Amino acid sequence: MSLLGAAEIRELAEALDLKPSKSLGQNFVIDANVCRKIVRTAGVTSSDIALEIGPGLGSLTLAMMEIAKEVIAVEIDPRLAKQLPITAAAHSEKKEPLTVINQDALTVNSLPVNPTVLVANLPYNVSVPVFLHLLEVFPTLRTGVVMVQAEVADRLAAKPNSKEYGIPSVKAAWWAEVSGAGSVSRSIFWPAPNVDSKLVSFTRRQTPGDEELRKKVFAVIDLAFAQRRKMLRSALSSMYGGSASAEAVLTAAGIDPTLRGEALDIHAFCKIAEQGLRS
Ligand code: SAM
């Protein structure tokens, strides 16, 4: 399979009269080696059903089609969604199974086949909600690599007691082990973005509880980080009917009520939520 390079990306954009949209985060990868490297890092195999969000002009899609059994690509821009099967057919010697879905990834709740691996250069303005949404609705996604804005990557992979640690880090940790997988130069994009990018890899793990607990845990996380500087007993007071009762729940859960949310890992948040459900 021949992949897309800088000249072809520009030709395709010109043929479509496409002015890359900032609001849709349209920065296209123009380096085929980087695309192959991302697919390798994601550990895509010939038995995988690969899910891509925002395939754009198809740079990563073609690299995935080289290896995966099947590729499902969800693209919000109808011009790009229409063009992608044409580009794929022109670059592939055999008929590769590619399904393109023209939809906002945030509204996708089911797919024709269950995906096993996620590989995506995510649109920057919705990268965290899209990532969390996919982990939630597709439990068959066991692993993957996403490219996001560098500071978002640091937040997703952050561990407790660091300044990057916050809502995205703890919520992602409910679903998966998340870690940084390297930086990506701005020069591999057209147009070049004015922020740096990084790769984040994830491996799903067994969730610490069921949906009822997850909803409660996520509500506790949202409150704990709403005002980062507040101690947990006052940050959670609205949820438990005052800071004295919040303190009682925290103490019963074995958590020091004077700590801040940034000190707790996902398991500590689960203990609080479980205690809250009990009392
Ligand atoms: N994957 C391509 C690449 O690496 O060259 C393009 C990546 S570009 C950073 C993001 C892509 O996501 C664009 O094609 C954009 O149209 C698409 N997109 C933006 N918001 C989206 C959404 N909510 N759902 C699905 N696709 C979206």
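Start with the ligand and Glu 75: an N or O atom in this residue's side chain is 2.6 Å from an oxygen atom of the ligand. That pair counts as a polar contact, meaning N or O atoms within 3.5 Å of each other. Gln 26 has a polar side-chain atom 2.9 Å from a ligand oxygen, and Glu 52 places one 3.3 Å from a ligand nitrogen. Taken alone, the ligand exposes 600 Å², and the protein buries 98% of that (accessible areas by the Shrake-Rupley method with a 1.4 Å probe).

A word on what you're looking at: this is a predicted model, where local features need pLDDT of at least 70, side-chain atom pairs count only at pLDDT 80 or more, and totals for chains, interfaces and linings use all residues. Residues are numbered from 1 along each chain as its sequence is written, and side-chain values use heavy atoms, with hydrogens and water left out.

Now step back to the shell around the ligand. It has 21 residues, with Val 29, Gly 54, Glu 75, Ala 105 and Asn 121 coming nearest; to be counted, a residue needs a heavy atom within 4 Å of the molecule. By class, the shell has nine nonpolar, eight polar and four charged residues. Here Ala, Val, Leu, Ile, Met, Phe, Trp, Tyr, Cys and Pro are nonpolar, Asp, Glu, Lys and Arg are charged, and the others, Gly among them, are polar. Strands β1 (28–29) and β3 (70–75) each supply at least two shell residues. Strands (E, at least two residues) and helices (H or I, at least four) are DSSP runs, numbered from the N terminus.

A pocket is an open set of points on a 1 Å grid over the protein atoms alone, where a 1.4 Å probe fits, with protein on both sides within 12 Å along at least five of seven lines; lining residues have an atom within 4 Å of a point. β1, β2 (49–53), α3 (59–65) and β3 each give the lining at least two residues.

The second largest pocket has a volume of about 240 Å³. Its 13 lining residues include Lys 22, Gly 25, Asn 27, Pro 193 and Asn 194, which lie nearest its centre.

Finally, check the backbone. The peptide bond from Trp 190 to Pro 191 is cis, with omega near -10°, and Pro 191 is in the loop between β8 (189–190) and β9 (197–204).

How values were computed:
Polar contact = N/O pair within 3.5 Å; in protein donor to acceptor, adjacent residues only side chain to side chain. Points joined across faces, edges and corners; volume = space filled by probe spheres on them.
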